[in-house]
Amino acid sequence: MGDVLEAERLVVGYAGAPVCGEVSLRIAAGEVLAVVGFNGAGKSTVVRTLAGRQDPLSGDVRIHGLPVMPDAIGFRREVAAVFDGDVFFPGLTAREHLLLVARGHALDSPDVAVDAELAFFGLTERSHAIPEALSSGQRRRLLLAAAFIRPASLLILDEPEQRLDPMMRDALTDRIRQRARAGTAVVLVTHDPRLLTKTASTCVLIDEVLAHVDTERGARIIAGA
Ligand SMILES: Nc1ncnc2c1ncn2[C@@H]1O[C@H](COP(=O)(O)OP(=O)(O)OP(=O)(O)O)[C@@H](O)[C@H]1O
């Protein structure tokens, strides 16, 4: 099977200054690639660049063999992402956010899909609340629900475990595995060793020099062991 995502000698950073070493990686359908490293190493910068949220300083990123085109419908159809700073429509309820995504992606039965997603992420009772009236963990769940409800061949998750309680982390772990089994390629930035070992098939350590490490070693690095 061909690569979903391919980065070749990618350099990422701000105002012309790189934040980490060159990144070269590939990920195929059904693979989960964990991205690990210490605070400030450059993980979010790397995955934001992979998702087309910022331009690379140099190097190449290809998704299904094509350059990253964040404004193109075809690109946005393939790539779903959750980042820390993602925003909501202040006047729309949790349910309305998910309906918007479900309808936008032409799901067959959007109402059914939305109810299922609200239930999975434990938001059914808060489905008519606007984001401001949700707890911070519930807002995180809503962002994740919006990413998982829609089809995508590449799913980029930047520390999705943030602010989730242990039960929800377990549910998220299962969901990522299920999604990968269905053929989605997943890029997962995480500081959670358990989430990493239970989901990832490969791992990269972001530092001054990028290292490809096995998932057990990746988990030991983030556990500080
Ligand atoms: N918008 C920005 N402008 C300039 N520098 C930035 C910007 N965002 C992040 N940085 C810097 O780039 C470096 C890498 O940040 P990044 O957020 O990619 O790290 P990270 O590995 O994801 O960290 P963490 O584990 O803390 O989330 C840090 O030194 C950070 O201070």
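Before the first stop, a bit of bookkeeping: Ala, Val, Leu, Ile, Met, Phe, Trp, Tyr, Cys and Pro count as nonpolar, Asp, Glu, Lys and Arg as charged, and the others, Gly among them, as polar. Keep in mind, too, that you're looking at a predicted model.

**Stop 1: the ligand.** Select the ligand and show what surrounds it: Tyr 14, Val 19, Gly 37, Asn 39, Gly 40, Ala 41, Gly 42, Lys 43, Ser 44 and Thr 45. Colour that shell by residue class and you get 3 nonpolar, 6 polar and 1 charged. Which element gives the most to the shell? Pick helix α1, residues 43-50, which supplies 3 residues.

**Stop 2: a strand with two faces.** Now select strand β4, residues 23-28. In a regular strand the side chains alternate between the two faces of the sheet. Here, Val 23, Leu 25 and Ile 27 make up the covered face, while Ser 24, Arg 26 and Ala 28 sit on the uncovered one.

**Stop 3: the partner.** Zoom in on Leu 5 and you'll find it opposite Ile 27 of β4.

**Stop 4: the whole thing.** Zoom out and switch to cartoon: the protein has 8 helices and 12 strands. Its C-alpha trace spans about 45 × 40 × 35 Å along the principal axes. The radius of gyration is 17 Å, which agrees with the value near 17 Å that a compact globule of 225 residues would have. Of those 225 residues, 40% count as buried.

Definitions and conventions. Residues are numbered from 1 along each chain as its sequence is written. This is a predicted model: local features need pLDDT of at least 70, side-chain atom pairs count only at pLDDT 80 or more; totals for chains, interfaces and linings use all residues. A residue is near a molecule or strand if its C-beta atom, placed from the backbone, lies within 6 Å of it. Helices (H or I, at least four residues) and strands (E, at least two) are DSSP runs, numbered from the N terminus. The radius of gyration is taken over C-alpha atoms; the globule rule is 2.2 Å times the number of residues to the power 0.38. A residue is buried if 20 or more other C-beta atoms lie within 10 Å of its own, exposed if 12 or fewer, and partly exposed in between; C-beta atoms are placed from the backbone. Two strands pair if DSSP finds at least two bridges between them.
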